[in-house]
Amino acid sequence: MTATGHAVLGTIIAAKIGNPILAIPLAVASHIAADIFPHWDTATNRDKKGKKRVIIESFFDLIFGLLLSYTIIFLLFPQTNFLYVLFLILAAQSLDWLMIPYYFFNINFPLFKWAYKFQKSFNHDLDKPWGIINQVAVLVLIVILAKIF
Ligand SMILES: [Zn+2]
């Protein structure tokens, strides 16, 4: 999923689960579930786009995700501590953060390489537009359900 998608999932987990011992593993697991779901993200078609464009788009994806998360908390879950939200966003994105040194900068450290290989084993790409439309639909549904229940 996009960094934005992972951020929204981390945000919802933070808003609903105040106990970090439960919330952290759930946030990490949400990353895997979200990437199994067929999706578009900034690394889709990396060979065609080139590394530089992937890095630039990923940066904007990251910033947009943080702004969107802040908006969700501000409007829907204002009682949630935003530092806790940021922490769970990091947990939800952690597998992507771990592979960045290997994926973008060819740093061959075993943990970074493992994160890349591990993610490659379950990641399902689906190109635009459906890879974006279904991602947005699922996230909107999750936010609505989290607000109702
Ligand atoms: Zn991922």
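Author: A residue counts as buried if 20 or more other C-beta atoms lie within 10 Å of its own, as exposed if 12 or fewer do, and as partly exposed in between. The model is a predicted one.

Reader: What makes N45 partly exposed?

Author: N45 has 14 other C-beta atoms within 10 Å. The cut-offs are 12 or fewer for exposed and 20 or more for buried, so N45 is called partly exposed. N45 is in the loop between helix 2 and helix 3 (46–49). Its phi is positive, about 60 degrees, although N45 is not a glycine.

Reader: Why is N106 called exposed?

Author: The count for N106 is 10 other C-beta atoms within 10 Å. Exposed requires 12 or fewer, so N106 is exposed. N106 lies in the loop between helix 5 and helix 6, and its phi, near 55 degrees, is a positive value in a residue other than glycine.

Reader: How do you know whether G50 is buried or exposed?

Author: By the cut-off of 12 or fewer, G50 is exposed because 11 other C-beta atoms lie within 10 Å. G50 belongs to the loop between helix 3 and helix 4. Its C-alpha atom is separated by 39 Å from that of T80, 30 residues apart along the chain.

Reader: How do you know what span to expect for helix 4?

Author: The expected span is 1.5 Å times one less than the number of residues. Helix 4 (residues 51–76) has 26 residues and should therefore span 38 Å. Its end C-alpha atoms are 36 Å apart, which agrees.

Reader: Which residues of helix 4 are buried, and what covers them?

Author: The buried residues of helix 4 are D61, L62, G65, S69, I72 and I73. Their cover includes helix 1 (3–16), helix 5 (82–105) and helix 7 (130–148).

Reader: Why is helix 1 called roughly antiparallel to helix 2?

Author: The axes of helix 1 and helix 2 cross at roughly 150 degrees and come within 10 Å. An angle over 145 degrees counts as roughly antiparallel, so helix 1 is roughly antiparallel to helix 2. The crossing of helix 1 past helix 2 is right-handed. Where they meet, helix 1 contributes G5, H6, L9, G10, I13 and A14, and helix 2 contributes A23, L26, A27, S30, H31 and A34.

Reader: What makes helix 5 roughly perpendicular to helix 6?

Author: The axes of helix 5 and helix 6 (residues 110–122) cross at roughly 115 degrees and come within 7 Å. The range for roughly perpendicular is 65 to 115 degrees, so helix 5 is given that label relative to helix 6. The contact involves L95, L98, M99, P101, Y102 and Y103 of helix 5, with L111, F112, K113, A115, Y116 and Q119 of helix 6. Helix 5 passes helix 6 in a left-handed crossing.

Reader: Which residues have the most contacts inside the largest nonpolar core?

Author: They are V8, L9, I13, A14, A27, L88 and A92, in a core of 21 residues. Helix 1, helix 2 (20–36), helix 4 and helix 5 each supply at least two residues of this core. The largest share, 8 residues, comes from helix 1. Leaving out residues up to four places away in sequence, A92 touches H6, A7, L9, G10, I13, A27, S30 and H31.

Reader: What is the peptide bond from K128 to P129, cis or trans?

Author: That bond is cis, with omega near 0 degrees. P129 lies in the loop between helix 6 and helix 7.

Terms used:
Residues numbered from 1 in each chain as written. Predicted model: local features only at pLDDT ≥ 70, side-chain atom pairs only at ≥ 80, totals over all residues. Helix = DSSP H or I, 4+ residues; strand = E, 2+ residues; numbered from the N terminus. Contact = placed C-beta atoms within 7 Å. Core = buried A, V, L, I, M, F, W, Y, C linked by C-beta atoms within 7 Å. Axes fitted to C-alpha atoms, helices over the stretch in contact; angles between N-to-C directions. Parallel < 35°, antiparallel > 145°, perpendicular 65-115°, else oblique. Left-handed = near helix turned anticlockwise from the far one by under 90°.
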